[in-house]
Amino acid sequence: MSESPRPKLSVPVRAPPNIANWPDILRSAATMAAGVIRPSQLLRKFAAYPRRHDLAVALREVGRVERILSIIDWLLDTNMQRRVQIGLNKGEAHHALKSALRIGRQGEIRDRTPEGQHFRIAGRNHLAAIIIYWNTDHLGNAVVRRRRAGFSAPKDLLAHISPLGWAHFLLTGEYRWRKSGNATGS
């Protein structure tokens, strides 16, 4: 029985383009770090050439090495994985809140004008901000009351509390925005 070949994670890095273009790579990095040229401008210059530019090929190889090193760091650092997962969870919770706020038309914005679409999206963002603000304010007051009562509220536990919950809000109804800026819900 023949043994199947092991899958490759990546194609081997080609060193000759990097070695030959190393002074140009350093010069490009220094000019970008100094703010003389933006990375997007450099990419536009490379795209303008009719054939593949040697420096672009060399920078692509450097990018591949950096990507491999980042993957290795990710695989070996469980704290990094945990921090990234926490950030992803916060983003998902924020998205879920905004999804919950658009239940009226099943998430569709049926306004045909750009202004109408803008107002709908801005209104939803405003409602999300109001909920987050209200939650943050009430969570802060709860922590203060807890501490005044003599109970502890460790900071390492408070770091895991999110103001993105909405289960205690009644999200159905119609929101009317007055010109004075105050909102009423019905």
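Is arginine 64 buried or exposed? Arginine 64 is buried, with a relative accessible area of 13%. Buried here means under 20% relative accessible area, exposed means over 50%, and partly exposed lies in between, with a 1.4 Å probe and protein chains only.

Before I go on, the ground rules. This is a predicted model, where local features need pLDDT of at least 70 and side-chain atom pairs count only at pLDDT 80 or more, while totals for chains, interfaces and linings use all residues. Residues are numbered from 1 along each chain as its sequence is written, and side-chain values use heavy atoms, with hydrogens and water left out.

Now the overall layout. The protein has 7 helices and 2 strands. From the N terminus, the order is α-α-α-α-α-α-α-β-β. Helices (H or I, at least four residues) and strands (E, at least two) are DSSP runs, numbered from the N terminus. There are 186 residues, and 15% of them count as buried. The accessible surface is about 15,000 Å². Carbon and sulfur atoms hold 59% of that surface. Areas come from the Shrake-Rupley method with a 1.4 Å probe, and for residues only the protein chains shown count as cover.

Next, contacts, meaning heavy atoms within 4.5 Å. Take the contacts with a separation of 6 or more: 57% of them join residues 24 or more positions apart.

Back to arginine 64 and its partner. Arginine 64 forms a salt bridge with glutamate 61, and the closest N and O atoms are 2.8 Å apart. A salt bridge is a side-chain nitrogen of Lys or Arg within 4 Å of a carboxyl oxygen of Asp or Glu. Both residues sit in helix α4, 3 residues apart, about one turn of the helix. Glutamate 61 is buried too, at 1% relative accessibility.

How many salt bridges does the whole structure hold? The search finds 2. The other pairing is arginine 27 with aspartate 24, at 2.4 Å, N to O. These two are in helix α2, residues 22-33. They are 3 residues apart, so about one helical turn separates them. Aspartate 24 is partly exposed, at 28%.

Now a charge without a bridge. Lysine 98 lies in helix α5. Lysine 98 is buried yet has no salt bridge. The nearest side chain of opposite charge is glutamate 92, 13 Å away. For charge, Lys and Arg count as positive and Asp and Glu as negative; His and the chain ends are not counted. What does lysine 98 touch, leaving out residues up to four places away in sequence? The answer is Arg124, Asn125 and Ala128.

A nonpolar patch of about 840 Å² is made by Ile68, Leu69, Ile71, Ile72, Trp74, Leu75, Leu76, Val84 and Leu88. Patches are made of residues with over 30% relative accessible area and no salt bridge; like charges are joined within 9 Å, and nonpolar side chains (Val, Leu, Ile, Met, Phe, Trp, Tyr) within 5 Å. Helices α4 (54-76) and α5 (78-101) each supply at least two of its residues. The largest share, 7 residues, comes from α4. Leucine 75 is one of the patch residues, and it is in α4. At 59% relative accessibility, leucine 75 counts as exposed.

Last, the aromatics. Rings of Phe, Tyr and Trp (its six-membered ring) pair if their centres lie within 6.5 Å; planes under 30 degrees apart count as stacked, over 60 as edge-to-face and the rest as tilted. By this rule there is 1 aromatic pair. Tryptophan 134 is partly exposed at 36%, and phenylalanine 169 is partly exposed at 25%.
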